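Please read them with the structure open.

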Amino acid sequence: MQAVHTVFLLGTGVFWTAAYVLLVRTGLREHTYGMPVVAFATNISWEFMFAFVRPPSGVMHVVNIVWFCFDLAIGCTVVRYGRSEFPCLPGRLYLPALAALLLLAYPGMQVASEQFDEGGGTITAFGSNLAMSAMFLAMLAARRGPRGQSTGIALAKLLGTACASLAMLTTADPAPRHDSALMRYLYVGCFLLDLVYLAALRAVRRAAPR
C-alpha cells in the first residue's frame, strides 16, 4: 500500500506541476491569466504557509516550494494582464484590490487550517481546490470563451487532484480525517467539477470559430 501511495504522490506532483507550467505559458502567450484571481490568492496563501511557515517533512516540502515559485509566476500574469479582465473596475483600483484580496486570503487560510485541520493542510487544500474548480467553470462562462485556458491545463488539474485524493485514501497515516465523510465529499466534488470543466472547455473550444 505504501508503494501505491508513493505513486499517487508522485502523480500529484507531476500533474500539478504540468498544470502550473501550462498556466504560465498560456497566460504569457495570450496576454491574460489562466487561474481565477480568488483561486490564485487562496492557492499562493496555502503554498506559502506549507512551504515556509508550517512545512511538512520529506519531499512534499520541496514540492510546495516549487509550487510557490510557480504561483509567483502566475501572479506576474495576474498583475500584468488582470486589469483588462475587469473593465468595470477603474484601472487605478485594480492593484490595491488585488493586494487587499491577498491580505485577506492568508489569515483566512491560516484560521481555517487551525480550526478545522489542527494546523494541517488537508482540509484547506481540498476545500480551496473544490472552490477553484468551480471558479474555473465560472471564468469560462464569464469570458465567453477559452481565453487563457486549455485542455492541457484542465486535464492536468483533474489528474493531479485525483492523484492527491487517492494518495490521501492510501496513506498509512491513521488520522481519520483523511477518510472522513467531509474529505470524501471533497474528493468526489473536486473530481466531478474538474470533469465538468474539462468537458465544458472542450465543447467551447470546438464551438469557437477557427
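1. How many of the 17 residues of helix 2 are buried? The count is 13, so helix 2 is largely enclosed by the rest of the structure. Buried here means under 20% relative accessible area, exposed means over 50%, and partly exposed lies in between (1.4 Å probe, protein chains only). Helices are DSSP runs (H or I, at least four residues), numbered from the N terminus. Helix 2 covers residues 37–53 and reaches 23 Å from its first C-alpha to its last, close to the 24 Å expected at 1.5 Å a residue. The expected span is 1.5 Å times one less than the number of residues.

2. A word on the basis of these notes. This is a predicted model, in which local features need pLDDT of at least 70 and side-chain atom pairs count only at pLDDT 80 or more, while totals for chains, interfaces and linings use all residues. Residues are numbered from 1 along each chain as its sequence is written, and side-chain values use heavy atoms, with hydrogens and water left out.

3. Helix 1 (2–30) and helix 3 (59–81) form one of the helix pairs. Their axes come within 10 Å and cross at roughly 15°. That makes helix 1 roughly parallel to helix 3. Axes are lines fitted to C-alpha atoms, for helices over the stretch in contact, and angles run from 0 to 180 degrees between N-to-C directions. Angles under 35 degrees count as roughly parallel, over 145 as roughly antiparallel, 65 to 115 as roughly perpendicular and the rest as oblique. The contact (heavy atoms within 4.5 Å) involves residues including Trp16, Tyr20 and Val24 of helix 1 and Trp67, Phe70 and Ile74 of helix 3. By class, this contact of helix 1 with helix 3 has 13 nonpolar, five polar and one charged residues. Ala, Val, Leu, Ile, Met, Phe, Trp, Tyr, Cys and Pro count as nonpolar, Asp, Glu, Lys and Arg as charged, and the others, Gly among them, as polar.

4. Helix 4 (residues 91–117) packs with helix 5 (residues 122–143) at an angle of about 125°, their axes being 8 Å apart. The two helices are therefore oblique to each other. Met109, Ala112, Ser113, Phe116 and Asp117 of helix 4 meet Thr122, Ile123, Thr124 and Ser128 of helix 5. The residues of this contact divide into four nonpolar, four polar and one charged.

5. Helix 4 has 27 residues and spans 38 Å from first C-alpha to last, close to the expected 39 Å. Its buried residues are Tyr94, Leu98, Ala105, Met109, Ser113 and Asp117. These pack against helix 2, helix 3 and helix 5.

6. Which residue follows helix 4 with a positive phi? Glu118 does, with phi near 55°, although Glu118 is not a glycine. Glu118 lies in the loop between helix 4 and helix 5 and is exposed, with a relative accessible area of 73%. His31 also has a positive phi, of about 55°, and is not a glycine. His31 sits in the loop between helix 1 and helix 2 and counts as exposed at 51% relative accessibility.

7. The axes of helix 6 (residues 151–169) and helix 7 (residues 181–207) come within 9 Å and cross at roughly 165°. That makes helix 6 roughly antiparallel to helix 7. The residues of their contact divide into 13 nonpolar, three polar and five charged. Among the residues that meet are Leu155, Leu158 and Met168 in helix 6 and Tyr187, Phe191 and Leu198 in helix 7.

8. Helix 6 has 19 residues and reaches 27 Å, close to the 27 Å expected. Its buried residues include Lys157, Gly160, Cys163 and Ala167. What covers the buried residues of helix 6 includes helix 1, helix 5 and helix 7.

9. Leaving aside neighbours within four places in sequence, Leu140 is in contact with Gly145, Pro146, Gln149, Tyr197, Ala200, Leu201 and Val204. Leu140 and Pro36 are 104 residues apart along the chain, and their C-alpha atoms are separated by 9.8 Å.

10. Ser57 is in the loop between helix 2 and helix 3 and counts as exposed at 69% relative accessibility. Ser57 and Leu137 are 80 residues apart in sequence and 34 Å apart in space, C-alpha to C-alpha.
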